[in-house]
Amino acid sequence: FWSAIKPFILSSCKSVLDIGCGSGWTAERLFALGVEKYVGLEPSLKNFEIAGQTYPGINVERVTLADYHTDSTFDCVLALMMMSHIPDVDLAFAKIYKLLNPGGICLVALSRFHPPENRLERNGRKYEVEEIDADQYIDKSTDGMGFGVADINRSPEYYARHAASAGFKVEQTEFADAGYSLKLLFILRKE
C-alpha cells in the first residue's frame, strides 16, 4: 500500500503521526519524502524495542492512541493496518480529528473485509468468529503452532460512516495490492 499513500505524503505532509507504527519502518521512507517531523505510537513493547534498535533516531512512544497526549497537531496521521485493534472507532476518529491541522489528512489502510462465513480457515490459519452485527465481527485466528491474533473486522461502510460522524470528509477509497492480500485505503480530510 506504500505506492498508494506516497502521493498524499508528497503533496501535503511535513509532520506525521504514525499510529501503531510497529517497527517504525515508515519513518525512514517518510523522511526520504521530505517529512520534517515524525512521531510513532506503538503499544507493543517488542515492536517499540525493535523500532528503537532499527531506527535509533526516530521518535517512537510506547503508548496507545487513547493514552497519547500532546499539544502538537500534524499534517498527516497514518493508521496503517491498526484499526482492527481499536475497540472504539468513534473515539479513535474523534481523537485523530483533533490531532490534525486544518486541511490535514488521515490515511487509513485496512485489510479487505471478508464476510464472517469466509473466515473459518484460510492460509493455514483457523478462525473462530464472533459476529457483532452485519458490519463487524471479531475473529480469533491461530496457526499450527498455537500463535493467536484477535481482530475486530469492520465493513468499509462502517468506517466511512464513523469517520464522517467525527467530521471527516471521506475523499477517496481504493484497493491497493500489498503483495499478500488486497487492502482498502481511506483518505480522510479534516475540513
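Reader: What share of the 191 residues in the protein chain is buried, and what makes a residue count as buried?

Author: Buried residues make up 45% of the 191 residues in the protein chain, where buried means under 20% relative accessible area, exposed means over 50%, and partly exposed lies in between, with a 1.4 Å probe and protein chains only. This is a predicted model, in which local features need pLDDT of at least 70 and side-chain atom pairs count only at pLDDT 80 or more, while totals for chains, interfaces and linings use all residues. Residues are numbered from 1 along each chain as its sequence is written, and side-chain values use heavy atoms, with hydrogens and water left out.

Reader: Why is Ser15 called buried, and what does its side chain lie beside?

Author: Ser15 has a relative accessible area of 10%, and because buried means under 20%, the word applies. Ser15 is found in strand E1 (residues 15–19), strands being DSSP runs of E with at least two residues and helices runs of H or I with at least four, numbered from the N terminus. A polar atom of the Ser15 side chain lies 2.9 Å from the backbone nitrogen of Asp75. Not counting residues up to four places away in sequence, Ser15 touches Lys37, Thr73, Phe74, Asp75, Cys76 and Asn101, contact meaning heavy atoms within 4.5 Å.

Reader: How do you know that Cys76 is in no disulfide?

Author: A disulfide is a pair of cysteine sulfur atoms within 2.5 Å, and a search of the whole structure finds 0 of them. For Cys76 the nearest cysteine sulfur, that of Cys13, is 3.4 Å away, so Cys76 is in no disulfide by that cut-off. Cys76 counts as buried, at 0% relative accessibility.

Reader: What makes a set of residues a nonpolar core, and which members of the largest one touch the most others?

Author: A nonpolar core is a set of buried Ala, Val, Leu, Ile, Met, Phe, Trp, Tyr and Cys residues joined through side-chain atoms within 4.5 Å. The largest has 29 residues, of which Leu17, Met83, Phe93, Ile96 and Val108 touch the most other members. At least two residues of this core come from each of E1, strand E2 (37–41), E4, H4, strand E5 (100–111), helix H5 (156–165) and strand E11 (182–190), and H4 gives the most, with 5 residues. Apart from this core lies another, of 25 residues, among them Tyr38, Ile58, Val60 and Ile105. Leaving aside neighbours within four places in sequence, Phe93 is in contact with Met83, Val108, Tyr159, His162, Ala163, Ala166, Phe168 and Leu188.

Reader: Why are the buried residues of helix H1 placed on the same side?

Author: The buried residues of H1 (residues 2–12) are Trp2, Ala4, Ile5, Phe8 and Ile9. They cover an arc of only 150° around the axis, which puts them on the same side of H1, the arc being that of the directions from the helix axis to the C-beta atoms. On the other side of H1, Ser3, Leu10 and Ser11 are exposed.

Reader: Why is Met81 called partly exposed, and what is its phi?

Author: The relative accessibility of Met81 is 25%, so Met81 counts as partly exposed. Met81 lies in the loop between strand E4 (74–80) and helix H4 (89–99), and its phi is near 60°, a positive value in a residue other than glycine. Most residues other than glycine have a negative phi.

How values were computed: Polar contact = N/O pair within 3.5 Å; in protein donor to acceptor, adjacent residues only side chain to side chain.
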